[in-house]
Amino acid sequence: MLAELIGRLGEVLEPEAVITDPVRLRTYECDGLTYHRATPGVAVLPENAEQVAGVIRLCNEYGVPFVARGSGTGLSGGALPRTDGVLIVTSKMRAIVEIDLPNRRAVVEPGVTNLAITEAVRDQGYYYAPDPSSQQVCSIGGNVAENSGGAHCLKYGFTVNHVEACEIVTPDGDIVTLDRADPGYDLLGAFIGSEGTLGVTTKVTVRLSRTPEAVTTVLAAFENIEQGGEAVSAIIAAGILPAAIEMMDALAIAAAEAAVACRYPENAGAVLIVELDGPSAEVERQFALLSQICSKAFELRVAEDPAERAAIWRGRKSAFAAVGRISPAYIVQDGVVPRTSLPEVLAGIDSLSREHGIKVANVFHAGDGNLHPLVLFDDTEPGAGERAEIVSGRILDLCIEHGGSITGEHGVGVDKARYMPRMFTDADLDTMQLVRCAFDPRGLSNPGKIFPTPRLCGEVPGVRKGVHPLVESGKAEQF
Amino acid sequence: MDPELIKDCVHCGFCLPSCPTYVLWGEEMDSPRGRIHLMSQHVEGTPITPEMAGHFDACLGCMACVTACPSGVQYDRLIEQTRAEVEREHVREPRERAVRGLVFGLFPYPRRLRALRPTLGLARRLQPLLERAHPSLGAMIALAPVPGRRQRLPGRVRAVGERRAVVGMLTGCVQNEFFPQVNAATARVLAMEGCEVVIPPHQGCCGALSVHSGRDDQARRFAKRTIRTFERAGVDTVVVNAAGCGSSMKEYAELLADSPEWAGRARALRTVDLAEWLAELGPVAERHPLPVTVAYHDACHLAHAQGIRAQPRELLRGVPGLSLRDIPESDLCCGSAGTYNIFEPSAARDLGDRKAERVRSTGAQLLVSANPGCTMQIAAAMRRAGGEIRVAHTAEILDASLRGVSPSFLDAAGGKPRS
Ligand SMILES: Cc1cc2nc3c(=O)[nH]c(=O)nc-3n(C[C@H](O)[C@H](O)[C@H](O)COP(=O)(O)OP(=O)(O)OC[C@H]3O[C@@H](n4cnc5c(N)ncnc54)[C@H](O)[C@@H]3O)c2cc1C
Ligand code: SF4
Ligand code: SF4
């Protein structure tokens, strides 16, 4: 099947846009989560929506699955290729199609990086608000698929709050536009965060935001993580809504220090980065409050200009990649807990770490309780990888026990599919599957992601026997 | 290729947007992350295929990825090891081999280069023919600058005023043959800032071109000779005005790591870039005004390989009347990259065009960098697009300002090939 399909790709694409050489193909075998690997059957580099649609139509004709890939920075194996399928890479679709400042919108192709949008409008006093730490490289198509967030999402929201419309190629090869302004169901809302399982984005209309009048960034150093956590709760309780509240523990600070020499205060058990933005008067008022709240901090550093602000952020933004400096291998975990349970969950992570002899560095978006524990291990030590896996999984259990979630922003992908049943009942999962089937009845679009075992959609292996309870009760219809 | 160095890469992709070939083509195999993946495939037993070698050859060695990488991956060492491996294992096509042999038998040898000078006119006329024979040959001729008038440098230049330091000066092969005026300016500036300058004759090549192309044995030979030359000259600091040479000399100790004796001798010799040295020394000589708008271009081997960005800008800002413009996308290579524009002419051309557009957007009258290869490349690209820009080395600007003369590069367009 695949071989026949490959033979016909020339009808849609230039020869150079089709990669079949095994050595070259293998460079696409994984995304930012290198733990899962699979060499794609074939990779294609389309340059426009018509070519994407052409490829997907061929996939339909031959019943071959396809997986979209942006910059391959995903951390849940979402862009893990199929050996029996087509990998559709958007890295050649990176034109900024239109910038419409009066309406505060920009239309971009999916391969455009998150930061490139901001760079294109920065001089005019605008920016694109969601700012994942990977913003200089991750693609906007990937951001839409993962509903990515970043440090500033506490105040400004995630990708879903900043995308107005998407042109997509549906899993059966039609080019359609999902627009927030359209009446009826919010299909755009369903599409954002669907991890490539509902089709491939070929154009994104994003909302641009005004650069705030004033920005004050504060670095507060605490003796221990508990004091840092208390400060976070106090800030929120005081009614301050900072643009960002980020926390790093001692181990994460050490990594960042080794990587980018960020010069955070020495001997800090935890640092908080708090960014206040908005009208000057408001920022000043909030800053005065914040200084009082952070009275337990042994050092409070305030950035006066963009260079100093960048210096404070540098340590935080490099933290994930930087742990490579202190550990041969690591797992980046992503979980959410209610802010109030932060101290308990952190204590729980600490005891898990001791129990299994596995170090865990903590970096998190403290403001919205989104944890990124970095589980460190030495992959040459026998058994260490397995123990790290256990710790990493147990951290998610902790999150669920405290009423949280197994992912804040990195998505489910292949990596967390097996945790979905811990969070949702079968009925919940089946309901999600019905949505999936409405878009992708043949299960060709990024199969094997998000859901533990594919069910419901007609032709997919492992079909559920009998009628779905929702269908039976007349609450849903199967397409 | 050292598997330990490969393991440092966590596959985060932060280096992708900094890589010129990824910016051009958007393909994983031509990104730093992809190339490191190819290296790991080879380490795991995949032989070097022509496709694989092609992706390594397409790497400019600009080291932008080293700057961008938060995990501290030593891509510079990785690609050097890889190129050496490719040279050892990969059998190139005969035509390819012939051209490489020609280049590496020519550029690092000043005397051979000199012998070639009179033939350049003829070669230019034959360019279309050569281009057809091999695109690399065409590119080589198109890029060859009109050699500056030969200036013989004295063996020793005395400090003007109080002597603040004694330094050696590397003359470099390409610099010496094609841009002798830059060397003369460098020596004068150093002297005017209070340095006694020792310029050993017959220095030969420092080995940079060989290292960057995987010719390790040739590189080691050149490195040892260079170290010996400056030891004999009795200096412990060598000032270098060519970014590529400086970055290689700073890595002599690693190149010669197999021999503790030579590694030790390499460490005893301090290599500094001209701008780095002058900024460290601090200005004493009077600066005369030079009313000109300048776009400063970061040569990769200065900015990425040596981390020198602030110093040249600081020196230029110190010239009264000079207005400095920043070039957008300054981190991206111009495509010159040593022998790159000879071996990969089409990629080099695309990158040159992209850079030329950014330089033009600054509206500057003069393009300055620490690497004549870059300025030549960008000036050529600007001419292709129907524009024109004058070019100079940082040393020439300082020289003109210190001496208070109206510099020749302001009268005529520099680096224009004779037609
Ligand atoms: C060091 C590091 C830091 C990170 N920090 C953050 C962070 O702060 N916040 C955050 O949210 N994430 C973060 N991430 C995760 C990652 O960068 C995001 O998930 C990002 O959105 C992925 O974009 P990408 O272009 O790399 O997508 P890929 O990894 O290529 O793909 C991700 C998913 O999107 C799908 N996809 C990609 N393009 C399309 C398309 N055009 N149409 C449909 N589906 C598509 C893929 O199939 C896959 O399921 C980080 C990653 C790294 C390595
Ligand atoms: S050295 Fe330059 S061209 Fe080579 S991989 Fe790194 S960034 Fe790309
Ligand atoms: S070289 Fe560095 S920046 Fe690039 S993928 Fe590897 S770790 Fe990340």
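Of the 13 residues around ligand 3, the nearest are Cys9(B), Cys12(B), Gly13(B), Cys15(B) and Cys69(B) (near: a heavy atom within 4 Å). The model is predicted: local features need pLDDT of at least 70, side-chain atom pairs count only at pLDDT 80 or more, and totals for chains, interfaces and linings use all residues. Residues are numbered from 1 along each chain as written, chains are lettered from A and ligands numbered from 1 in the order written, and side-chain values use heavy atoms, without hydrogens and water.

By class, the shell of ligand 3 holds nine nonpolar, three polar and one charged residues. Nonpolar covers Ala, Val, Leu, Ile, Met, Phe, Trp, Tyr, Cys and Pro; charged covers Asp, Glu, Lys and Arg; the others, Gly among them, are polar.

In chain A, five strands form an open antiparallel sheet, ordered S5-S6-S10-S8-S9. Strands are DSSP runs of E, at least two residues, and helices runs of H or I, at least four, numbered from the N terminus. Pairing requires at least two DSSP bridges. S5 (96-100) and S9 (175-179) of chain A are the edge strands; each has a single partner, so one side of each lacks a neighbour in the sheet. Strands S6 (105-108) and S10 (200-207) of chain A pair in the antiparallel sense over four bridges. Arg105(A) stands opposite Arg207(A) in S10(A).
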